[in-house]
Amino acid sequence: MAVWKLMCFVLLVGSVCSSTGRTNENAEEKRGFPFPFQFQAPMSGKVFQRHIKRLENATRYGVDGDPDFIVDVHGTDRYPLCFHVGGQQGEVLRLLQHQNLSLFVNAKIIERNETRKTYLGSVAIIRNNVRILATRRDVQVNRYTFSWSGMAAFRLYGNRVIVGQNLLAVTFRNKNVTLVIRRHVMSVDYDDSFEEPSNNVGESMSEIVHGHIRPSSHDVTSRNHAVLSQNTDFAYLGFYIADSTGLTTPCHGLLGQFVHKSVRLVNMQVKNGKMKGKIAVVSPFYSTPTYSMATLTERMNHGTGRNVTCWRLRRGGDNIVDGNYIDYMVPQLRDTEIIRFQ
């Protein structure tokens with residue numbers, strides 16, 4: 001019965017699309033549909049894996065954890081840069097903005113009461129008539145709600161969207177830009193220590209083939225509310241840029257600014273058993289380089305579930321990050337006002 005309902009739903013939604021596979025935006029709006037919604041035809045696991053393969057290395061630019069940024073800046077050779085940003089409960093930060101593409105990514109900070117550590121609790125991706133809001137509980141695409149545990153692959157105004165198994169990916173049509181949001185869950189013991197299971201992109205996305213669509217917002221909310229209310233679980237989000245090819249020089253934001261920055265190591269030395277280095281960063285927004293001290297260390301890359309070696313910047317990336325932390329604060333998740341840094 002469930003399969004029959006799912007087939008009826010897909011056929012109903014698919015009927016609003018033209019036979020050529022393209023959507024008529026004006027016709028959809030006249031019919032009262034929230035957006036042109038075109039599901040992908042059922043595909044084999046092997047074909048689906050080819051679509052997902054591009055996401056397995058979605059870690060060149062990312063932010064997750066407490067919140068920790070990791071950026072593979074040109075000139076760092078083997079080791080990327082990483083830095084920590086604290087923030088306060090309820091603050092909303094501009095992670096990415098591109099004026100020419102009308103693309104904005106904002107994230108809201110939450111606090112875990114037991115440890116007072118901060119994490120990303122909500123992430124919004126906005127571009128023209130595409131509006132995605134990911135929370136710890138579910139994913140809203142325009143006015144439609146999807147479960148993190150289900151599977152959905154569709155096109156929205158020609159842009160490809162995949163949601164399932166704690167991962168969302170959107171590829172913007174003809175723009176060579178793919179953005180990824182991941183939902184991470186920490187299993188917390190009674191002594192307040194925790195460990196996070198391996199969350200490899202390839203492994204988790206292979207399971208999506210066996211998932212299902214959750215079109216009902218009521219079902220999504222009730223299902224996930226039970227998960228979040230358990231004392232042994234704590235969920236948070238991570239944001240990653242999988243394909244930055246189309247993010248040209250105007251790209252900025254707390255994370256986006258590193259797409260076009262480059263660095264060089266001025267000198268290195270071993271001090272107190274740790275490798276330390278002085279790093280010079282060149283930005284297309286400024287004529288002179290900035291400098292910062294960094295320590296070679298290890299951290300968990302939650303995008304792949306693997307530890308990576310990186311140059312950890314001091315004081316949250318001061319002198320490396322353009323402007324001040326407060327410059328990246330915006331009033332709400334859906335804010336699309338360009339932040340000026342010059």
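Are Cys-82 and Cys-310 buried or exposed? Both Cys-82 and Cys-310 are buried, where buried stands for a relative accessible area under 20%, exposed for over 50%, and partly exposed for the range in between (1.4 Å probe, protein chains only).

1. Basis of the note. The model is predicted, so that local features need pLDDT of at least 70 and side-chain atom pairs count only at pLDDT 80 or more, while totals for chains, interfaces and linings use all residues. Residues are numbered from 1 along each chain as its sequence is written, and side-chain values use heavy atoms, with hydrogens and water left out.

2. The disulfide. A disulfide is a covalent bond between the sulfur atoms of two cysteines. Taking a disulfide as a pair of cysteine sulfur atoms within 2.5 Å, the count comes to 1, and the bond joins Cys-82 to Cys-310 with an S to S distance of 2.1 Å. The link of Cys-82 and Cys-310 is right-handed, with 70° about the S-S bond. Distant parts of the chain are linked by this pair, for Cys-82 lies in strand 4 (residues 81-84) and Cys-310 in strand 20, 228 residues apart; strands (E, at least two residues) and helices (H or I, at least four) are DSSP runs, numbered from the N terminus.

3. Side chains of opposite charge can pair when their charged atoms come close. The structure holds 5 salt bridges, a salt bridge being a side-chain nitrogen of Lys or Arg within 4 Å of a carboxyl oxygen of Asp or Glu. One of them is formed by Asp-68 and Arg-312, whose closest N and O atoms are 3.9 Å apart. This pair links distant parts of the chain, with Asp-68 in strand 3 (residues 68-71) and Arg-312 in strand 20 (residues 306-313), 244 residues apart. Asp-68 is buried at 16% relative accessible area, whereas Arg-312, at 26%, counts as partly exposed.

4. The bridge at Lys-261. Asp-322 and Lys-261 meet through their side chains in a salt bridge of 3.1 Å, N to O. Here too distant parts of the chain are linked: Asp-322 sits in the loop between strand 20 and strand 21 (329-330), and Lys-261 in the loop between strand 16 (233-243) and strand 17 (262-271), 61 residues apart. Asp-322 is buried at 6% relative accessibility, and Lys-261 is buried at 2%.

5. The bridge at Arg-116. The side chains of Arg-116 and Glu-111 form a salt bridge at 3.1 Å, N to O, and Arg-116, with 56% relative accessibility, counts as exposed.
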